[in-house]
Amino acid sequence: MFKLFFKGIIIGVANIMPGVSGGTLAVILGVYDKLTEAIGNFLTVPFKKKIEYGKFLLQICSGMFVGIILFAKIIEFCFTNYPRTTAAFFSLLILPSIPFIVKGEDKKKKENIISFIIGAAITLVFVFLDYRFGSETDTKILVQVITFSYCIKLFFCGALAAGAMIIPGISGSLLLLMLGEYYNILGFISKFFDGVVHITNYTSLSEIIHNLYIIPLAVFSIGILIGLVLIAKLINMLLSSKHRSATLFFIAGIIVVSVLQIWINLYK
């Protein structure tokens, strides 16, 4: 139990750092297959299987929650004060583990080589987009007026970020940064916890909903849930089929190039 909880903490820490993929860490920690299987198939499996998946997801997700809450400030401090040392640490954590992802697979097979190249090429596109446009979306001014159209944007941002989080090598936080919502989401979460502390000071339900930013957080969370289920289902289908080997090489290609993202963020 504690082993899965600890792995969840590591994945949670990765998910809050732009440029670092929680999916990558899930692969390296050996829980990626089970994670995508549990998320993608939870709604369709028998009740007994739901219990098994539920226990697994509870341990992983509770660890992720603790990782996000407890380590957010530590990671921010490390990247702010020791950026290159921190980047080197995560690079050394990721790179040596790549051979284990494709262990036992045919490394000379043409289909696998092509899959690796495609995965690397797609990730290079994300690296370029972040280098070109990432800094332009680095706004730290919290949105004050929550309109219907903004809620639609939050929903799709949540779905896209969730999909990115579960795909190794693509950072959900980075995608939110590029979409201009990273600091808004962090701000909403911060305001929510501040509001909970002072909830007795509010005189009405509408005041609680407004000050705790419940509507934007709820819309974003629904988007995350839908994105997780759909992408996890797709990946689980690929890993469970005859395309498993090609899928693993595709993931390996993504991870190799994704390490560049960590370093590029330091020199923009």
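Cys61 is partly exposed, at a relative accessible area of 42%, whereas Cys157 is buried at 3%. Buried here stands for under 20% relative accessible area, exposed for over 50%, and partly exposed for what lies in between, with a 1.4 Å probe and protein chains only. A disulfide is a covalent bond between the sulfur atoms of two cysteines. With a disulfide taken as a pair of cysteine sulfur atoms within 2.5 Å, the count is 0.

The model is a predicted one, in which local features need pLDDT of at least 70 and side-chain atom pairs count only at pLDDT 80 or more, while totals for chains, interfaces and linings use all residues. Residues are numbered from 1 along each chain as its sequence is written, and side-chain values use heavy atoms, with hydrogens and water left out.

The protein chain holds 13 helices and 0 strands. Both kinds of element are DSSP runs numbered from the N terminus, helices being H or I with at least four residues and strands being E with at least two. Of the 268 residues in the protein chain, 43% are buried.

Helix α12 covers residues 214-239, which makes 26 residues. The expected span of a helix is 1.5 Å times one less than its number of residues. The buried residues of α12 are Pro216, Leu217, Val219, Phe220, Gly223, Gly227, Ala232, Ile235, Asn236 and Leu239.

Rings of Phe, Tyr and Trp (its six-membered ring) are paired if their centres lie within 6.5 Å; planes under 30 degrees apart count as stacked, over 60 as edge-to-face and the rest as tilted. The whole structure has 3 aromatic pairs. Phe188 and Tyr213 form a stacked pair, because their ring centres are 5.2 Å apart and their planes stand at 25 degrees. Phe188 sits in helix α10 and Tyr213 in the loop between α11 (205-211) and α12, so the pair ties together parts 25 residues apart in sequence. Phe188 and Tyr213 are both buried. Another aromatic pair, Phe192 with Phe193, is edge-to-face, with 5.5 Å from centre to centre and 80 degrees between the planes. Phe192 is partly exposed at 28% relative accessibility, and Phe193 is partly exposed at 37%.

Phe193 also belongs to a nonpolar surface patch of about 530 Å², together with Phe65, Ile68, Ile69, Leu70 and Ile189. Patches are built from residues with over 30% relative accessible area and no salt bridge; like charges are joined within 9 Å, and nonpolar side chains (Val, Leu, Ile, Met, Phe, Trp, Tyr) within 5 Å. Accessible areas come from the Shrake-Rupley method with a 1.4 Å probe, and for residues only the protein chains shown count as cover. Helices α4 (47-81) and α10 (182-197) each supply at least two residues of the patch, and α4 gives the most, with 4. Ile69 is placed in α4 and is partly exposed, at 41% relative accessibility.

Now to the charged side chains. Side chains of opposite charge can pair when their charged atoms come close. A salt bridge is counted where a side-chain nitrogen of Lys or Arg is within 4 Å of a carboxyl oxygen of Asp or Glu, and the whole structure has 4 of them. In one, Arg244 meets Asp33 with the closest N and O atoms 2.9 Å apart. Arg244 lies in helix α13 (residues 244-267) and Asp33 in helix α3 (residues 32-41), so this bridge ties together parts 211 residues apart in sequence. Arg244 is partly exposed at 31% relative accessibility, and so is Asp33 at 32%.

Glu52 takes part in two further contacts. With Lys34 the closest N and O atoms are 3.6 Å apart; Glu52 lies in α4 and Lys34 in α3, so the pair ties together parts 18 residues apart in sequence. With Lys49 the N to O distance is 3.2 Å. Glu52 and Lys49 are 3 residues apart in α4, and therefore separated by about one helical turn. Glu52 is partly exposed at 35%, Lys34 at 27% and Lys49 at 29%.
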